[in-house]
Amino acid sequence: MSAMVHHRYATVEGHRLFYREAGTAGMPTIVLLHGFPTSSFMFRDLIPRLEGYRVIAPDHLGFGLSDAPPVEEFDYSFDALADLTAGLLGQLGVTRYAIGVQDYGAPIGWRLAIRDPDAVVAVISQNGNGYDEGFVADTWQGIWRYQREQTPENEAALRGLFTLEALRDQYVTGVEDPSIVSPDTWHLDHSYLSRPGNAEVQLSLFLNYATNPPLYPALHEWLRSKQVPVLATWGKYDPFFGPDGARAFARDTANAEIHLFEGGHFLLETAGEQVAALIRDFLARHLPAA
């Protein structure tokens with residue numbers, strides 16, 4: 001059997017957010033937080049495999065099927081995205097949950113955990129970074145340059161990340177057989193990123209990403225003080241976040257389980273069943289299903 005997935009909307013702070021949901025209130029809850037440049041679509045095959053849980057996977061504001069107000073109308077930041085996620089969970093009555101984070105989902109999830117340390121009871125990180133050594137420096141140079149100086153040249157270099165070919169590279173880099181990755185993924189992402197004004201949304205978040213590493217010490221203290229269970233499933237050829245970012249979790253919690261895969265940034269596209277099995281086993285021990 002597999003869990004039935006519902007596709008819903010909620011209005012939070014005046015913004016319409018799309019989210020996928022399986023299970024019912026009262027079940028142990030998992031909140032799945034996607035990264036750039038995608039949406040909750042990345043969890044489309046994982047959610048049905050998590051039967052016995054309430055699973056909530058929102059599209060962040062500016063992504064997927066959620067509202068995407070222009071930068072003139074909304075100040076995009078990871079603090080703001082975390083506020084909206086917390087607001088959605090509040091509306092849904094979710095007060096205790098595990099988080100599953102990938103890429104941008106990680107700094108959003110870390111904020112939720114730091115703000116309410118008792119609410120988040122376990123972490124599943126799929127290339128969701130929380131350590132300085134997780135950054136692949138060569139890939140990040142362009143973003144770091146833009147954070148230091150927003151010149152037209154530095155901006156133009158980052159706009160190159162929004163092309164169809166660049167998005168495809170995010171999905172297939174490090175994948176032994178790219179033919180197993182559906183082109184629907186990067187074509188869908190490209191369609192969302194191509195909406196008028198969305199490039200500026202993404203540039204704002206590239207700039208604001210500089211606020212995330214300063215939060216890492218608070219994340220590490222939370223992991224140490226609570227000895228939070230962490231499952232890190234990592235595509236070790238991810239061009240953005242290297243496997244040292246996965247290994248580092250073991251430094252702060254004795255309850256870290258690290259699994260490195262032959263894969264890239266979007267591991268669920270190539271090892272979805274294996275990752276789902278690890279998640280089910282991990283949650284059975286740390287957040288038993290209904």
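What follows is a short report on this structure, which is a predicted model.

**Two pairs of helices**

Two packed helices are described by the angle between their axes and the distance between the axes. The table gives these values for two pairs.

| Helix pair | Axes come within | Crossing angle |
|---|---|---|
| H2 (residues 105-115) and H8 (residues 216-226) | 10 Å | roughly 60° |
| H3 (residues 137-148) and H4 (residues 152-159) | 9 Å | roughly 145° |

On the side of H2 the contact is made by Trp110, Ala113 and Ile114, while H8 contributes Tyr216, Ala218, Leu219 and Trp222. Sorted by kind, the residues of this contact between H2 and H8 are seven nonpolar, no polar and no charged.

The crossing of H3 and H4 is left-handed as well. Here Gly142, Ile143, Arg145 and Tyr146 of H3 meet Asn154, Glu155 and Leu158 of H4. The residues of the contact between H3 and H4 divide into three nonpolar, two polar and two charged.

In soluble globular proteins, nonpolar side chains tend to be buried together. The largest nonpolar core of this model has 95 residues, and the members that touch the most others are Tyr97, Trp110 and Leu283. Trp110 is also one of the residues through which H2 makes its contact with H8. For Tyr97, when neighbours within four places in sequence are left aside, the residues in contact are Thr29, Val31, Leu89, Leu112, Ala119, Val120, Val121 and Ala122.

**A buried residue and a partly exposed one**

Thr233 lies in strand S7, which covers residues 230-235. Is Thr233 buried or exposed? Thr233 counts as buried because its relative accessibility is 0%. Not counting residues up to four places away in sequence, Thr233 touches Ser125, Gln126, Asn127, His259, Phe261, Leu267, Val275 and Leu278.

Arg168, by contrast, is placed in helix H5, residues 164-172, and counts as partly exposed because its relative accessibility is 28%. Under the same exclusion of residues up to four places away in sequence, Arg168 touches Pro178 and Trp186. Leu267, which was named above among the residues that Thr233 touches, is 99 residues away from Arg168 in sequence, and the two are 14 Å apart in space when taken from C-alpha to C-alpha.

**Details of the backbone**

Phe36 and Pro37 are joined by a cis peptide bond, with omega at about 5°, and Pro37 belongs to the loop between strand S3 (29-33) and strand S4 (54-58).

Glu13 has a phi near 50°, which is a positive value in a residue other than glycine, and Glu13 sits in the loop between strand S1 (5-12) and strand S2 (15-22). With a relative accessible area of 58%, Glu13 is exposed.

Gln227 likewise has a phi near 50°, again a positive value in a residue other than glycine, and Gln227 is found in the loop between H8 and S7. Gln227 counts as partly exposed because its relative accessibility is 29%.

Definitions and conventions:
Residues numbered from 1 in each chain as written. Predicted model: local features only at pLDDT ≥ 70, side-chain atom pairs only at ≥ 80, totals over all residues. Heavy atoms only, no water. Helix = DSSP H or I, 4+ residues; strand = E, 2+ residues; numbered from the N terminus. Buried < 20%, exposed > 50% of the residue type's maximum accessible area, 1.4 Å probe, protein only. Contact = heavy atoms within 4.5 Å. Core = buried A, V, L, I, M, F, W, Y, C linked by side-chain atoms within 4.5 Å. Axes fitted to C-alpha atoms, helices over the stretch in contact; angles between N-to-C directions. Nonpolar A, V, L, I, M, F, W, Y, C, P; charged D, E, K, R; others polar. Left-handed = near helix turned anticlockwise from the far one by under 90°.
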